[in-house]
Amino acid sequence: MSDTLPPCPKCSSEYTYEMDALLVCPECGHEWNAEADDAQTAEAVIKDAVGNVLQDGDTVSITKTMKVKGAQSALKAGTKVRNIRLVPDNGDHDIAAKVDGFGQMELKSSIVKKI
């Protein structure tokens with residue numbers, strides 16, 4: 001029966017078992033809902049302002065001018081950002097990238113467009 005159940009996400013133990021709607025790991029005591037985990041991985045897709053799916057390494061363009069805290073000038077619309085990295089568990093700033101002239105920044109996917 002343990003062949004059909006997924007391993008524990010915390011300790012990778014293969015000895016998981018079902019208890020009501022939860023899956024339980026007897027080695028570390030972690031409990032999780034397998035159906036909720038499947039829904040979260042499906043929601044982990046990050047899309048740009050237009051609806052295109054973004055991936056690590058994509059090149060994007062800024063869609064609207066925005067002020068940058070601590071910088072003397074604003075980040076203008078049309079600025080290209082190369083080689084983005086997606087960070088889905090970082091609140092609403094789900095893109096990490098190095099922007100020329102500004103350095104390392106975190107951006108919202110809602111203000112970029114995939115090129």
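Start by selecting Asp 92 and Lys 108, whose side chains meet in a salt bridge with 3.3 Å from N to O. A salt bridge here is a side-chain nitrogen of Lys or Arg within 4 Å of a carboxyl oxygen of Asp or Glu. Asp 92 lies in the loop between β6 and β7, and Lys 108 lies in the loop between β8 (103-107) and β9, so the pair ties together parts that are 16 residues apart in sequence. Asp 92 is partly exposed, at 45% relative accessible area, and Lys 108 is partly exposed as well, at 32%. Buried means under 20% relative accessible area, exposed means over 50%, and partly exposed is in between, with a 1.4 Å probe and protein chains only.

Before going on, note that this is a predicted model: local features need pLDDT of at least 70, side-chain atom pairs count only at pLDDT 80 or more, and totals for chains, interfaces and linings use all residues. Residues are numbered from 1 along each chain as its sequence is written, and side-chain values use heavy atoms, with hydrogens and water left out.

By the salt-bridge rule the count comes to two. For the other pair, select Lys 114 and Asp 58, where the closest N and O atoms are 3.5 Å apart. This pair links distant parts of the chain: Lys 114 is in strand β9 (residues 112-114), Asp 58 is in the loop between α1 (34-43) and β4 (60-62), and 56 residues separate them. Is Asp 58 buried or exposed? Asp 58 is buried, with a relative accessible area of 13%, whereas Lys 114 is partly exposed at 29%. In general, side chains of opposite charge can pair when their charged atoms come close.

**The sheet with β6**

Next, show β6, β7 and β8, which form an open sheet of three strands in the order β6-β7-β8, with antiparallel pairing. β6 and β8 stand at the edges, each with a single partner strand, so one side of each has no neighbour in the sheet. Two strands pair if DSSP finds at least two bridges between them. β6 and β7 run antiparallel and are joined by two bridges. Pick Leu 86 and look across to Ile 95 in β7, which stands opposite.

**Pro 88**

Move to Pro 88, in the loop between β6 (85-86) and β7 (95-99). Pro 88 counts as partly exposed, at 45% relative accessibility.

Cys 25 is buried, with a relative accessible area of 1%, while Cys 11 is partly exposed at 36%.

**Whole chain**

Zoom out to finish. The protein has one helix and nine strands, running β-β-β-α-β-β-β-β-β-β from the N terminus. Helices (H or I, at least four residues) and strands (E, at least two) are DSSP runs, numbered from the N terminus. Of the 115 residues, 27% count as buried.
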